[in-house]
Amino acid sequence: MLGIDQASLGGTGLELTLQAIGALARQVSLLAISAVAYAWLLQTWRRSGAWLALLLATVLMSVLVTLTLLNPVQLATVGQLDVRDVIVSFATLDLPLLPSLVVTAVAMAVRGGFGDAAAGAGVANIALTFLLARALRYAIDRGKLTRGPRIYLFIAVTQWPVFVVPSVLMIPGRTLSQMLGDGSLLVMAVLGVVTIAFGWVSDFIARQADKDLTIEENAISLRHILDGSTQGVLIHDGLKPIFANETFARIYGYASAEAVIQAGTIAPLVVTQSGRPPSDEMLWLQTDPRGVPTFMGDRRARRVDGSTIWIDAEIRLTMWRGSRAIQTTVVDVTDAHRAADLLQQRREMLAKHQDALLELLRLRFDGSQSFAAITEAALPLLHAGMGGSRTSISLSDHAAGLYECLGYYEPGAGMSPGDLVLRWSDLIGIEGEMQAASTILIPDVDLSHVEPSLANLLHNADARSGLIVRVPIDARYACLILFYDAQPRSWSLEEQIFARATGNIVGMAMLSHLRQRNFESLDAVLDAILIFDADGLVTYANRAAYDQIGLSPGDLFDEHAMQLLPEMPAPSAGETAHTVPWTRLDGSTTEVRVLHRRLADGGSVATWRDISVELESEKEKETLRMQLTQAAKMEAIGRLAGGMAHDFNNLLGAIMGFAGFLVDDLDEGSEQHGYAMRVLSVSERARQLVMQILAFSRAEGAARMPVGLTEWAREGRDMLQGLLPASTQLIVHPSSRELHVYGNATQLQQVLVNLCVNANDSLPENGGTIEIELAEITPVGSSPLAVSETDGSFHTARLESGQLTIGQRYARLRVRDRGCGIRQDVLDQIFEPFFTTKDRTRGTGLGLAVVHGLLLAHDGAYAVRSTPGDGTVFDVYLPAVDAPAAVATLGTRVAGTPGPAIAALLLDDEEDLLDAMRIGLKRLGFAVAATNSPGQALAWLREKPGAFQVLITDQVMPGMRGTALIPLAKAADPAVRVILTTGYSDGATERIAREAGADAFVLKPVPPETMARTARSLFAA
């Protein structure tokens, strides 16, 4: 606006006005230069909402107002002249509040920075201009006013009071008459014209931008309308394309409408009737000069890829951007032409299908035609209906996983038998579909990764496409009909229906043949089979049914024959069989298992089997199963007992060793000596119990040799007389000839003792008789233990174990008593460990369990017969052997040989037992070194070869077995003798110990005296 300096006023009013107008013209020029840029930025922001355009408009107006204020034109009388009010007004009208405040603040800051007398009036002038423009902006936004020339005129008029009021109030000496006289108000009128001009320029640019936008939007809308049209539209100048919509591009195979224009010519798309290349003149001649459309009708055209299509075209003259052009409108009618051709082809195809189906129905469905005959009759008809390069029929065997080609038909070659059998695993990728799917389409198969066998099956003669129809025949077989073509081919729905129909007909013929074959195979079944209809009449019977009933295959199943059948349960859908008695036509009776199942057609099928032999076999199996269960139970308990015996032996060895030292060291007859003797006595009883446990567990450590039973029985009788009470009479019946068995005399003596002690417990308190009888027996007959009944007696309870070989000699030991006898339920358990009917003070329940284990180890058998109240008979059978040159008996002993001191190395993992043996051997004159480590023992033998004469080692030790230690000890000191001891034969018997290199084998518990005798016996020679 104007800043007036009163001191500089001078000159005439006209001169001042002219000077002000000249200064104003220079600032208006600056304003005009920026108006276009400001209007463009403003329109850009309004159209796109780009914040950068708004920012640049704000900066432009801020810079413009600053330049106006910083470079005013100074007039002598008017003072400082600028156009800031125009800039602030339009910035406030056009820009949002914040950018308009920025421009206003910049103007106020720059004007106030001058510090002259008119600075305050200038700042107030800017503030009033902003408020007035803001009020107009508010009214425009609320729809109260409309932006245009009237608004700009209002701003121009109000600039006078906005200028006059601050100047009069804030500049000293400034008056309205003075302003009229110096031309300031005339300059204000010119500023109003500038304001109206700035608004007009801004609006003109906005209107032009809106027109351009409207034209662009209309063009885009027109393109969208044309692109959405189902008709292709092309504007062209002869052969040169000018415009094309997307539909035209899609019809002719272009990627986009722009690609049509970029091609530059449409000559490759035009197909002329004469076959000559098209020309511009030819296309112009086809148009009507009046602009009337020319309908070209259906005609061929060519796509950009060279393929032919059918189009319905219309051509006419049009105007395009002021020039004449040709408008061609096309519709793709290729599908309609294809549909007409396809309709004619399908009519012809359906006629062929009908003829083929009628001929196929002439196949026989009585089962008389074989698979090969059905294939030979059907293949030519199938090929006539479908065509192609090959047609084949195959059989799929689901149970065997096989695929067999029965035959194929080829044009020119005719019928050929099948020669290919494949497994499903050969059919890579489609084996699942060929087993399950009803129809498989193979439109185009790549042969590069297919096995040769499958390629030969599916694509012989360069077959490229196929149709496979699978028709289930029964639960096992399926019929596969395969149609092939040498060219890629799409199989129509009608062809697939024809293939399914023919497949069903061929499948029914094959099913009838398969049923006939199945009926014939049922004659080979041993079970009787009858098939009933819904009325209960027999429609089929296999040969086994006729034979079991007693009829001939030609006999009818009339009412009389139905009465000969076994009792039939009601038919059901389940698999429940019923066992019923049956009297045959010849009067014989048996038991049969009958299964009667309901069929889907309302009939039923019945089968039965003679199970009399099966029932007898089941009884024998149950007997054997019980014996096996008993044997397994005894063996399991035996293993447990054997493991416990090993630990007991170690403990007993230590107890008996230290108790023996006390007996030797204490005065005989003293109280302490008596205590020690009682410890030894109890330990001996415990040792006997451990021996029974070891015997029960089938310990095989005891040596075996031929045993003469006559002397053995005499020694046993002498032993028993000391064990049994005086009221019990013991009678021995020796064999008529000397009997020998191969075994351990001590263990066999234990068998005799346990049987007699058990017999004695069954006698009444006043005593009774126990008979011991030896006899030689050779089993005869079918029952292995039938010899047990040869005495003619009868017993109500019976138990047997083991088997006797027919024709082999056995020594039978019989122990008979006349005691209380044993019930059958008790008899079944007497050989189980720890089972007893006695109170705790009279038995442990191990006696008969030991007998069972020892007899099992000696390959023996036994039979027990008893009658409650009439006594019990135990028969024990041992294989008899020929008499040897020398016979061992129970009284044979190995005596220790006195000699010089022997250096002994003791090895045992049980510390107490190790100390007891070490002390005992030292007392007997041995030089003893002891250790519980196999590694330490080997180290001593390697460090001092010859220092030890004998190594006494345990078998079961942590880290190393005794049998594994012996070879290492012999390698360290070849001269050392080795005695192997064990409390349980876990991995060690006398034979195994000898094979490992042991010089002697001793069973625990063993006192030091016995060990000393055994060691000295090694050096007795």
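Q: Why is Cys479 called buried?
A: In this predicted model, Cys479 has a relative accessible area of 0%, and because buried means under 20%, Cys479 counts as buried. Cys756 is also at 0% relative accessibility, and it is therefore placed in the buried class too.

Q: How many disulfides does a search of the whole structure find?
A: The search finds zero disulfides; to count as one, a pair of cysteine sulfur atoms would have to lie within 2.5 Å.

Q: Why is Leu56 called partly exposed?
A: The relative accessible area of Leu56 is 42%, and since buried means under 20% and exposed means over 50%, Leu56 falls in between and is therefore partly exposed. Its place is in helix 2, which covers residues 51-70.

Q: What makes Trp51, Leu52, Leu55, Leu56, Val59, Val63 and Leu67 a nonpolar patch?
A: Residues of such a patch need over 30% relative accessible area and no salt bridge, with nonpolar side chains joined within 5 Å. Leu56, at 42%, passes the area cut-off of over 30%, and together the residues of the patch have about 660 Å² of accessible area on the surface.

Q: What makes the contact of Asp665 and Arg923 a salt bridge?
A: The side chains meet with an N to O distance of 2.5 Å, and because the cut-off for a salt bridge is 4 Å, the pair qualifies. The two residues belong to distant parts of the chain, with Asp665 in helix 19 (residues 612-665) and Arg923 in helix 25 (residues 911-923), 258 residues apart. Asp665 has a relative accessibility of 48% and Arg923 one of 43%, so both fall between the limits of 20% and 50% and count as partly exposed. A search of the whole structure finds 19 salt bridges.

Q: Buried or partly exposed: how are Glu773 and Arg812 classed?
A: Glu773 has a relative accessible area of 23% and is partly exposed, whereas Arg812, at 5%, counts as buried, because the limit for buried is under 20%. The side chains of Glu773 and Arg812 meet in a salt bridge, with an N to O distance of 3.2 Å. This pair links strand 24 (residues 768-777), which holds Glu773, to strand 26 (residues 810-817), which holds Arg812, across 39 residues.

Q: How do you know that Asp999 forms a salt bridge with Lys970?
A: The closest N and O atoms of the pair are 3.0 Å apart, which is within the 4 Å that a salt bridge requires. Asp999 lies in the loop between helix 28 (990-996) and strand 33 (1000-1003), while Lys970 is in helix 27 (residues 962-972), so the pair ties together parts that are 29 residues apart in sequence. Asp999 is partly exposed at 22% relative accessibility, and Lys970 is partly exposed at 23%.

Q: What joins Arg737, Glu776, Arg809 and Asp882 into one network?
A: Salt bridges that share partners join these residues.

Q: Why do strand 5 and strand 6 stand at the edges of their sheet?
A: The sheet is open, with five strands in the order 5-4-8-7-6 and antiparallel pairing. Strand 5 (240-244) and strand 6 (294-302) each have a single partner strand, so one side of each is left without a neighbour in the sheet. From one strand to the next, the twist averages 35 degrees.

Q: How do you know that strand 4 and strand 5 pair?
A: Strand 4 (residues 232-237) and strand 5 share four bridges in the antiparallel sense, and because at least two bridges are needed for a pair, the two strands count as paired. Within this pairing, His236 stands opposite Pro241 in strand 5.

Q: What makes strand 9 and strand 10 a pair?
A: Strand 9 (residues 390-397) and strand 10 (residues 402-410) run antiparallel and are joined by seven bridges, where at least two are required. The bridge partner of Ser396 in strand 10 is Tyr403. The two strands form a hairpin with four residues between them, and Gly401 in the turn has a positive phi of about 70 degrees.

Conventions
Residues are numbered from 1 along each chain as its sequence is written. This is a predicted model: local features need pLDDT of at least 70, side-chain atom pairs count only at pLDDT 80 or more; totals for chains, interfaces and linings use all residues. Side-chain values use heavy atoms; hydrogens and water are left out. Buried means under 20% relative accessible area, exposed over 50%, partly exposed in between (1.4 Å probe, protein chains only). Patches are made of residues with over 30% relative accessible area and no salt bridge: like charges are joined within 9 Å, nonpolar side chains (Val, Leu, Ile, Met, Phe, Trp, Tyr) within 5 Å. Accessible areas come from the Shrake-Rupley method with a 1.4 Å probe; for residues, only the protein chains shown count as cover. Axes are lines fitted to C-alpha atoms, for helices over the stretch in contact, and angles run from 0 to 180 degrees between N-to-C directions.
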